Amino acid sequence: SASGLRRLLIGENPLDINRLWDKLYKHSQTYGRRGAAMHVISGIDIALWDILGKTTGQPIHRLLGGARQSQTAAYASDLDPGSTDGMVALARKHVANGYRAVKFGWGGLGTDVRQTVRTIGEVRAAVGDDVDILLDMGFAVPLEDAIYLGRALAEHRVYFLEEPLSPDDIAGFARLTAVSPTPIATGEKETTQYPYIDLMDRGGLRIIQPDIGRVGGISESLRIAAHAEARNVRVIPHCWSTDILVAATLHVIAVLRDCPYLEYNVTDNPLRTDLLRERLQPRDGMIDVPTGPGLGIELDEDVVARYRVDG
């Protein structure tokens, strides 16, 4: 599909972002309205916005109407280390590094939900009351377990419980959001704007997590944000893979009306830590929105070459 999309772009004016987005979407509708083809279109769209910014000498957020915030708080996004002591130690480390919010996810969190709640209780006791704790199940748990978690985690003031159900279980999310005092968040696996309308209107979600590198790029993220803001739903984007995505996400967050956090992957990943000449890093839990033209970043071409996979 990528080579097919490439042919559609050859000879085109890269500044015609809206028209090119529609062209790519229209020509891949049969096989690509959801999933991997949209991931490719997302990458193209981010690159087109970068080109427009570099051509005009403006950062992307200025082209989107101007930043509402020039910096944002970041939450430390980490993986479940597999033990209570390990999670407590990591949480203490992230707080010591200046983060005011930490998230743990995946691993064995769904295998024993009562133990998960006990572990989060230990984390809360370790970090005190002023740190937001976020929990990401990663894989679906039974609805009864999700309801238990939603109720039990409220005691420890968990900021949100992420992806406790299958992404397609809209009816389950509706039942969960109706009874859970802990806010529920989901959406990282969706592509295009349409599933988010379902999640909000049918699923009752008040926090959605579009990934700018998956949903259809910056262009589609803005359409999703418009739907969400009209419903007073918070957009807190999913952001994990590379610093290119971090930069794109920061430009989108900058123009949102109400986004409390950037998700910042604190795991040791060379595509996160080595890809840029100057790293995008939080200081005291805050991260600046890039101000250079386009994405405002400069790639380290040697690192790009090392990890390049030619299809």
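In the predicted model, R272 and D243 form a salt bridge in which the closest N and O atoms are 2.3 Å apart. R272 belongs to helix α14 (residues 270-273) and D243 to helix α13, so this pair ties together parts that lie 29 residues apart in sequence. Both partners are buried: R272 has a relative accessible area of 1%, and D243 has one of 0%. Salt bridges with shared partners also join E12, D16, R19 and K23 into one network.

A search of the whole structure finds 18 salt bridges. One of them pairs the side chains of E163 and K189, at 2.6 Å from N to O. This pair links distant parts of the chain, 26 residues apart: E163 is in the loop between β4 (158-162) and α9, and K189 is in the loop between β5 (184-186) and α10 (194-201). E163 is buried, with a relative accessible area of 2%, whereas K189 is partly exposed, at 41%.

A salt bridge also connects E229 with R257, where the closest N and O atoms are 3.3 Å apart. Because E229 lies in helix α12 (residues 217-230) and R257 in the loop between α13 (243-255) and β8 (261-265), the pair ties together parts 28 residues apart in sequence. E229 is partly exposed, with a relative accessible area of 24%, and R257 is exposed, at 59%.

Helix packing was examined for α8 and α9. The axes of helix α8 (residues 143-152) and helix α9 (residues 170-179) come within 9 Å and cross at roughly 25°, which makes the two helices roughly parallel. Their crossing is right-handed. In the contact, L143, A146, I147 and R151 of α8 meet G172, R175, L176 and V179 of α9. These residues comprise five nonpolar, one polar and two charged.

How values were computed. Residues numbered from 1 in each chain as written. Predicted model: local features only at pLDDT ≥ 70, side-chain atom pairs only at ≥ 80, totals over all residues. Heavy atoms only, no water. Axes fitted to C-alpha atoms, helices over the stretch in contact; angles between N-to-C directions. Helix = DSSP H or I, 4+ residues; strand = E, 2+ residues; numbered from the N terminus. Parallel < 35°, antiparallel > 145°, perpendicular 65-115°, else oblique. Left-handed = near helix turned anticlockwise from the far one by under 90°. Contact = heavy atoms within 4.5 Å. Nonpolar A, V, L, I, M, F, W, Y, C, P; charged D, E, K, R; others polar. Salt bridge = Lys/Arg side-chain N within 4 Å of Asp/Glu carboxyl O. Buried < 20%, exposed > 50% of the residue type's maximum accessible area, 1.4 Å probe, protein only.
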